[in-house]
Amino acid sequence: MRIQEIRLSWFRGSSNEAVLNTDLKSVVIYGKNASGKSTFVDGLEYIVGKGRIRHLAHEYSGSRQEKAIRNTATPDDENSRIIIRFDKNREVCVEINADGVSTVPREHRNLVSIMQNWNVESHLLRQDEVARFILYTKGQKYSALLPLLGLDTLEQAGENLHQLSTKVTERSSIEEHKTQLNMLSKEALTVLESLESDQVFDDLTKLAAQYNILESAGNLSSLSESLAIEIDKRIGQIEPELERYLVIKEMHDEESLNKMNEMIDARKVAEKSVDLALDIRISVLEPAERFITIIKDSKEEISCPACGQKILAGSFMDHVKKELESLREAREARKTLRDKCNAFVRSLINLQEKAKDEKFTSWLNLPEQDDLSSQFSKLSKVAIPQQDHIQWNDEQIAEVYKILLKIYAILDKQLKNTPPSIEELVKHKEYVKASGKIPEIQKLQTDIDLVQSLINFLENSENAVRNEIKARTEKILEKISDDVKELWSKLHPDELIEDIKLYVQNDADKAIDIGLRFFGTDQPSPRLTLSEGYRNCLGLCIFLSLARLDKSDDPIILDDIVSSFDREHRGMLTSVILDEFEDRQVLLFTHDREWYSELCHRLPSANWKFMTLMPWKDPSVGIRWAESTYTFDDARALINVNTEACGNRARAIMDVQLSIIAEKLGIMVHHLRGDRNDHRTCIEFLEQIINEAPKRFRKKSNGTWQPYEESISEWIAAKALLIAWGDRASHTGSLVPSEAEALIKICEKSLDCFKCDSCGEYVWIANQMSRKRLQCACGDLQWRYE
Amino acid sequence: MVSGNTEEHSEDKNQVEKSLQNIIRSVSSENKFNGSSVTGYLLGLAEKGTLNTHQTSASVTRIADKMIKLIRGENLSEDSRD
């Protein structure tokens, strides 16, 4: 698609109306600094960037950049407006009110969304962003390239799969189930030899025979239930004086003393890791807060303020993750402590409850059990922390520990005297109880296996997607690298910076960088050795390669991109633009008068339009176009301000114009020594052109070729005025405005003489050197060498 | 030209969706994943373009819940049968 017109109103530098009409051609727009060139680029970026202009993203521009977008002289009742007209009578119109809220008519929204699909990396390049791709971090390069490579959707798929596996883990409660399974299995294995249901079923069948249970129960659960009923029945038949052994066994199994030991151990670990974690947290998070502010402003490698390591912004997250692990360990220790405290308190309460059991108290109240009785009495007076069991203090722990030590010593002794018949009943009861957990264990295991297979499937799919992205990226980067190499060699022939390539980093996730060979030495980044000028040139090569990769026919916008290029490289760039982007519309903005003049003389007006902006005056006047395509308006702006400078400016413009024209025409001048050779004045060139023109410059008139004498007269007149008024050193009186105006007019007229009246092209546009002549497009104007 | 661009864009999308489906099939078969209903569901998401476009946290949760039900062989409620 081609831009027909950019029409701005009260947007940035434009006042009531500023129109850039391209005639659907590529355009070169010249304007001095602050003449309003970038306002047109801003208008495009506002739409492409969904209301965001990158260079205006700062604290002063407002949340919608409204303070920077609106012309400061905008009347209160006016909105800012951007209208872009394309070929085939399509247009988009965006209205922006004073608060920065923009509206787009419904019928324009489809085209707006197409524009928003333009990738900035391959469509729009500004002066201060020429080397932006090089300056990106490896991760930013990856993110910037991904949409261009058409891989952003695959990347999104990888991300979705990652989110899904995380979400399945969370929603299926697989981790809790694993913990539960682990606990149940551990408990069961203290009694059972194996968790194999066949073996347990066999053992239960044998036990059932021992208890005269003849039913051949179909499954483990029902057999286990039948046995539990039978065993409980037999326990109920135990003689009263022996019943205390059952209670003592239960008390013993509460393992209150062991649980207290576990709580004490967990307390030590938690105290240690919590202290450590707090120190880490303070030492990491405080500097991390400052660190984030720094990395917003700098893409450079900097020292992590927490530990002093040299670290990239992208690596910072990894670093923080490690520190978070320490915090999580501390949190885990805290959780373990809480669990142990709760388990201990539960067992303590159970122990106290069991001590009130009649089967036990009748024995406990016997005089010979005074010692045990007094310990239980002390235990009943212990104040157990009610709200948070974790808050046991050292004194409480010491007191309870001493009591439990004595109680369990007596209970252990009693347990050893348990009659064998009771011991066997208890053992069988425990076995049956443990075997009853087997179905639950199996159910949990099956569910965990299923969910885990789903998680593995999602993770493997994510890995496969990422591998696919990597393989495709490598393939496309190879092609881009070839393009970059080709463009670089055009801009820098015979220079020993070779083998420039974009590559995927193997040791980092989502990372792309640029390597090259610098005078025979391999370099992993251009930032190590290339000068700023070369970095900019490489950045431009990458941009142009990406633009070439983009198969669309959308326009390419280049805003003042040659600031750091010397004349030679600017010339080479002109050739690259001519050769490589013949079929694309290019909007080229420049403040470089010399380059603009060269472009005017080299680019064919059939495909290119040349426009110049007048110097910007104030917000209410806004952007203004010059009538002429020459750059004399820069001089004209000085007529009433500084007339002397105006004359000099006009001369300087002619110096540039005529040096280019002389080169085009192959005008021979005497060699001068040193710098003087490069700083010839327009007078020298004019003299030589005037000398050669009578025998070389021909114009077709009424079917016959005639010397173009009117042009020679114009050049003679121009030369005379340039000598008189165009050089401050050459005249003694002061230049007055009317003289300056006359000088500019004669200069413009003299340059127009090189253009054909019929086709409007310069005389050198068609090179006919095989026929020893240059000519315009229609051939009516010729510069002959014979 | 608008329609041309749109078609080109949707061709690219179709290609991505086909690539995704191939990846899912291949991972499912290489890993002998015992969840044909989940594989089918994920293939459907790839075909519809759901898998390669941004999903909100709520929609990821909905998809994950459905996958869990499918792998557990549970009945799907009316609202999750999409």
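1. Two residues count as in contact here if their C-beta atoms, placed from the backbone, lie within 7 Å. With that in hand, take the contacts in chain A between residues at least 6 apart in sequence: 67% of them join residues at least 24 apart. Keep in mind throughout that this is a predicted model.

2. Some bookkeeping on chain A. It has 786 residues, and 34% of them are buried.

3. Five strands of chain A line up as β17-β16-β20-β19-β18, giving an open sheet with antiparallel pairing. At the edges sit β17 (704-707) and β18 (766-768) of chain A, each with pairing on one side only. Going from one strand to the next, the twist averages 30 degrees.

4. Zooming in on one end of that sheet: β16 of chain A, residues 697-701, pairs with β17(A) over four bridges, in the antiparallel sense. If you want a bridge to click on, A:Ser701 has A:Thr704 in β17(A) as its partner.

5. Helix α24 (residues 682-696) and helix α25 (residues 709-725), both of chain A, have axes that come within 10 Å and cross at roughly 160 degrees. Angles over 145 degrees count as roughly antiparallel, and α24(A) and α25(A) are therefore roughly antiparallel to each other. The crossing of α24(A) and α25(A) is left-handed.

6. What holds the contact list of that pair? On the α24(A) side you'll find, among others, A:Ile683, A:Leu686, A:Ile690 and A:Ala693, while α25(A) brings residues including A:Ile712, A:Trp715, A:Ile716 and A:Leu722. Sorted by class, the contact of α24(A) with α25(A) has 13 nonpolar residues, one polar and two charged. A:Glu687 of α24(A) and A:Lys719 of α25(A) are also part of the contact.

7. Last, the neighbour. How many residues of chain A are in contact with chain B? There are 30, and they meet 31 residues of chain B. On the chain A side, α3 (109-116), α7 (152-171) and α18 (438-491) each supply at least two residues. The biggest giver is α18(A), with twelve residues.

Key:
Residues are numbered from 1 along each chain as its sequence is written. Chains are lettered from A and ligands numbered from 1 in the order in which they are written. This is a predicted model: local features need pLDDT of at least 70, side-chain atom pairs count only at pLDDT 80 or more; totals for chains, interfaces and linings use all residues. Two strands pair if DSSP finds at least two bridges between them. Axes are lines fitted to C-alpha atoms, for helices over the stretch in contact, and angles run from 0 to 180 degrees between N-to-C directions. Angles under 35 degrees count as roughly parallel, over 145 as roughly antiparallel, 65 to 115 as roughly perpendicular and the rest as oblique. A crossing is left-handed if the near helix is turned anticlockwise from the far one by less than a right angle, and right-handed if clockwise. Ala, Val, Leu, Ile, Met, Phe, Trp, Tyr, Cys and Pro count as nonpolar, Asp, Glu, Lys and Arg as charged, and the others, Gly among them, as polar. A residue is buried if 20 or more other C-beta atoms lie within 10 Å of its own, exposed if 12 or fewer, and partly exposed in between; C-beta atoms are placed from the backbone.
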